[in-house]
Amino acid sequence: MNCVICKQGQTQPGLVTVTLEREGAIVVFKRVPAEVCENCGEYYLSDDVTGELLERAEEAIASGVEVEICRYVAKAISLCENSQSRFRSQGF
Ligand SMILES: [Zn+2]
């Protein structure tokens, strides 16, 4: 599709890193499938993917995690590790 940001590039399937920050919690999703603009780098997530990311972020916030890093494998969130205890012990 045409990129709506720069209006010049075309998007191509690719993998992006998405960071969601809410209420002091940060959740990073790596290797998220997206359409990426070849010109400006803007990315577009499908509704399904967006819903899944928001759901996972809500869970992380609900469990009191400060930082969580999740990796997408085969189009699903498969591995999450939260860094709360590590950061805490370093006085973060
Ligand atoms: Zn663009």
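Me: Which residue in the turn between strand 2 and strand 3 has a positive phi?
Reply: Gly 41 does, with a phi of about 85°. Strand 2 and strand 3 form a hairpin, and five residues lie between them. Strands here are DSSP runs of E with at least two residues, numbered from the N terminus, and helices are runs of H or I with at least four. This is a predicted model, in which local features need pLDDT of at least 70, side-chain atom pairs count only at pLDDT 80 or more, and totals for chains, interfaces and linings use all residues. Residues are numbered from 1 along each chain as its sequence is written.

Me: How many bridges join strand 2 to strand 3?
Reply: Two bridges join them, and the strands run antiparallel. Two strands pair if DSSP finds at least two bridges between them. Val 36 stands opposite Tyr 43 in strand 3.

Me: What about strand 1 and strand 2: how many bridges?
Reply: Strand 1 (residues 11–22) and strand 2 (residues 25–37) are paired antiparallel over eleven bridges. Glu 21 faces Ile 26 of strand 2. These strands also form a hairpin with two residues between them, and Glu 23 in the turn has a positive phi of about 50°.

Me: And strand 4, parallel or antiparallel to strand 2?
Reply: Strand 4 (residues 67–73) runs parallel to strand 2, with five bridges. Val 28 has Ile 69 as its bridge partner in strand 4.

Me: Changing topic, what pattern does the chain follow?
Reply: Along the sequence the pattern is β-β-β-α-β-β-α, with two helices and five strands.
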